[in-house]
Amino acid sequence: MIRTENLCKKYGKFEAVHDLNLDVRPGTVFGFVGENGAGKTTTLSILATLMLPTSGRAYIGSAEVTSEPATVRRLIGYMPDVFGVYDDLTVREYLGFYGTAYGVASHLIEQRTKELLHMVNLEERADAYVHALSRGMQQRLGLARCLMHDPPVLILDEPASGLDPRSRIEMREIIKSLRGRGKTVLISSHILPELADMCDEIGIIKRGALVACASVEVVTARASGQRQMCLEVLHDGKQLAKWAAHHALVTDVLVIEEQKVELLFAGGDEEQAEFVRDLLQAGYALKSFHEVGGSLEDLFLHLTREEDHAGKQTAASKQMA
Ligand SMILES: Nc1ncnc2c1ncn2[C@@H]1O[C@H](COP(=O)(O)OP(=O)(O)OP(=O)(O)O)[C@@H](O)[C@H]1O
């Protein structure tokens, strides 16, 4: 639903986004994590048609951002990291203004305003002036604003930044509820645990390139000490996946190539040795077996250090789930 192909953006000679390949499936919440200056805002601005890429392509659905910006704008709701509010409007007027700007039919504006204010817990503030709202409330209103034209895709740039813990939790719960409404969400942050709680997949960006991408189950499993194992067999990987899925300590299985299977394992060394023995006894011709990485957060910290980690990055990129 959201896709970039070798996306690059240069500011003068400085390359802020470098050969970025993203693929966010419909209906998923994708967390885009990276330290300050990694290139998140630049990428999201290109997807929101606010900036042209230097090279490469970006798509929302089948619409390409540079050649079909009007179509893209209808498909997305974009919440920038910093946005202004109009001081002399009430909350209701503010949403009405954006509804009109987005071309929402006038009979729908009132209904949608009501629904969205309910969703972002601002019903009781409908007649308050926008400038009188707390920062958390303004951020929630900003999210409601993006949804006025009911777009299938949301692009949210650090929506919880600068919020106190309670407001962050409120924002997180609202974003989680968007998945239930079938929205595809791309959300950026520099805080991995915060994203892990509300996302289906996490992608890590470093110096403009995607260096790791994994399902949130993998992230959580690694954080909770489960092992991620990669097995290669001589024959059909699907058979092996079926066999492994029945094992009590296997919590998730993925066929990543015809003969290659990745799984999450909730046991220690002995159980793991037993698992491999059982597998051989069941007749599988095991070609290779290894454990994959530490926690994704460790990986993130490792990758964002200043030294060159080319070898590790390649390994990380291979972990694409
Ligand atoms: N208009 C610009 N001109 C020159 N350099 C820029 C411009 N905008 C951003 N940059 C640089 O490009 C790099 C990526 O910036 P970007 O804002 O995309 O990162 P980010 O991951 O969103 O960071 P943050 O979390 O701090 O918002 C940074 O080094 C930044 O200084």
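By class, the shell around the ligand holds four nonpolar, seven polar and two charged residues, where Ala, Val, Leu, Ile, Met, Phe, Trp, Tyr, Cys and Pro count as nonpolar, Asp, Glu, Lys and Arg as charged, and the others, Gly among them, as polar. This is a predicted model, in which local features need pLDDT of at least 70 and side-chain atom pairs count only at pLDDT 80 or more, while totals for chains, interfaces and linings use all residues. Residues are numbered from 1 along each chain as its sequence is written.

The ligand is surrounded by 13 residues, of which the closest are Tyr11, Ala16, Asn36, Thr41 and Thr42; a residue is near a molecule if its C-beta atom, placed from the backbone, lies within 6 Å of it. At least two residues of this shell come from each of β2 (14–24) and α1 (40–47), and α1 gives the largest share, three residues. Helices (H or I, at least four residues) and strands (E, at least two) are DSSP runs, numbered from the N terminus.

Two other helices, α5 and α6, pack against each other, and their contact, counted where C-beta atoms placed from the backbone lie within 7 Å, is set out below.

| Helix | Residues | Contact residues |
|---|---|---|
| α5 | 135–146 | Gly136, Gln139, Arg140, Leu143 |
| α6 | 165–180 | Ser167, Glu170, Met171, Ile174 |

The residues of this contact of α5 with α6 divide into three nonpolar, three polar and two charged. The angle between α5 and α6 is about 15°, with their axes 10 Å apart, and the two helices are therefore roughly parallel to each other, a term for angles under 35 degrees; axes are lines fitted to C-alpha atoms, for helices over the stretch in contact, and angles run from 0 to 180 degrees between N-to-C directions.

Definitions and conventions
Angles under 35 degrees count as roughly parallel, over 145 as roughly antiparallel, 65 to 115 as roughly perpendicular and the rest as oblique. Two residues are in contact if their C-beta atoms, placed from the backbone, lie within 7 Å.
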